[in-house]
Amino acid sequence: MKLLRYGPVGQEKPALVAADGSLRDLSQHILDIRPRMLDPRALEELRAIDPLSLPQVEAGVRIGAPIAHIGKLICVGLNYADHAKESNLPVPSEPVLFMKATSAICGPNDAVIIPRGSEKTDWEVELGIVIGRKAQYVEREQALDHVAGYCIVNDVSERAFQHERGGSWDKGKGCDTFAPIGPWLVTADEIGDLRDLDLQLSVNGEIRQQGNTRTMIFSVDEIVSYISQFMTLNPGDVICTGTPPGVGAGMKPPQYLKPGDRMQLSISGLGEQCQDVVAWSR
């Protein structure tokens with residue numbers, strides 16, 4: 001099942017994708033795709049609905065982030081062996097964790113704003129894990145039982161803020177619009193082998209990132225279990241699992257985003273994103 005939210009910012013409505021590819025409005029059944037709707041029982045109730053019985057959403061509407069009221073946006077850094085190599089950094093012995101501000105969340109096709117004073121805004125296509133059940137001190141063998149589904153996240157990053165301004169990485173990760181999510185939340189039952197998902201990102205039609213989850217250092221079940229040892233994961237929390245090689249900072253010479261650029265992202269089975277890059281303005 002592919003769940004999404006559509007409509008103007010702050011007025012999104014719930015919907016799903018029917019087998020024919022059309023978007024179908026769920027408003028007569030639920031108010032929104034909130035964290036409590038990600039519980040397995042709630043998802044089963046939605047699966048029982050005939051999508052073609054629902055009103056069709058008109059084409060061309062804005063798509064928002066697929067989950068309302070995301071509680072935490074947790075990220076794993078340097079989780080692809082080939083990305084660690086291009087960054088000239090050692091392969092981590094444990095997952096590297098940092099947070100993105102939830103105020104960075106936007107729709108999958110919303111514009112990405114280059115922050116004031118930025119010279120090194122970069123791209124990162126990532127597999128997102130959406131938590132469906134509370135996870136606290138979860139063993140790896142049970143970790144996937146706590147996952148509602150998966151989505152695409154663009155972990156947009158300002159490298160100077162991240163690495164050259166002191167302190168943690170967070171200040172280069174949490175700028176407004178730095179977390180496009182979606183277009184869909186794809187429930188776990190529709191995803192095949194999590195260790196064989198292709199990821200791709202292009203800028204202005206040129207492929208910059210092309211990777212596969214098989215090069216992830218820490219797998220999805222390891223990540224969920226590991227993070228749950230340090231903080232409780234609640235329904236609606238999203239985990240970004242790292243990016244494959246091809247980021248702008250790793251190019252020779254480095255290349256960064258500028259106003260007028262267009263990013264396009266895709267992951268096997270999870271749809272596509274497309275963001276235009278714009279300059280910051282008041």
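**Reading the strands, the rings and the fold**

Reply: Q200 stands opposite S266 in β18. This is a predicted model, in which local features need pLDDT of at least 70 and side-chain atom pairs count only at pLDDT 80 or more, while totals for chains, interfaces and linings use all residues. Residues are numbered from 1 along each chain as its sequence is written, and side-chain values use heavy atoms, with hydrogens and water left out.

Me: Over how many bridges do β15 and strand β18 pair, and in which sense?

Reply: Two strands pair if DSSP finds at least two bridges between them; strands (E, at least two residues) and helices (H or I, at least four) are DSSP runs numbered from the N terminus. Here β15 and β18 (residues 262–267) are antiparallel, with 5 bridges.

Me: Which residues do strands β15 and β16 span, and how many bridges join them?

Reply: Strand β15 covers residues 198–203 and strand β16 covers residues 206–212; they run antiparallel and are joined by 6 bridges. Within this pairing, S202 lies opposite I207 of β16. The hairpin leaves 2 residues between the strands, and N204 adopts a positive phi near 55° there. In total, the protein has 4 helices and 19 strands.

Me: How many aromatic pairs are there?

Reply: Rings of Phe, Tyr and Trp (its six-membered ring) pair if their centres lie within 6.5 Å; planes under 30 degrees apart count as stacked, over 60 as edge-to-face and the rest as tilted. The count by this rule is 2 aromatic pairs. One of them is the tilted pair of Y226 and F230, at 4.9 Å centre to centre with 55° between the planes.

Me: Is Y226 buried or exposed?

Reply: Buried means under 20% relative accessible area, exposed over 50%, and partly exposed in between (1.4 Å probe, protein chains only). Y226 is buried because its relative accessible area is 19%, whereas F230, at 55%, is exposed. Buried residues make up 55% of the 282 residues in the protein.
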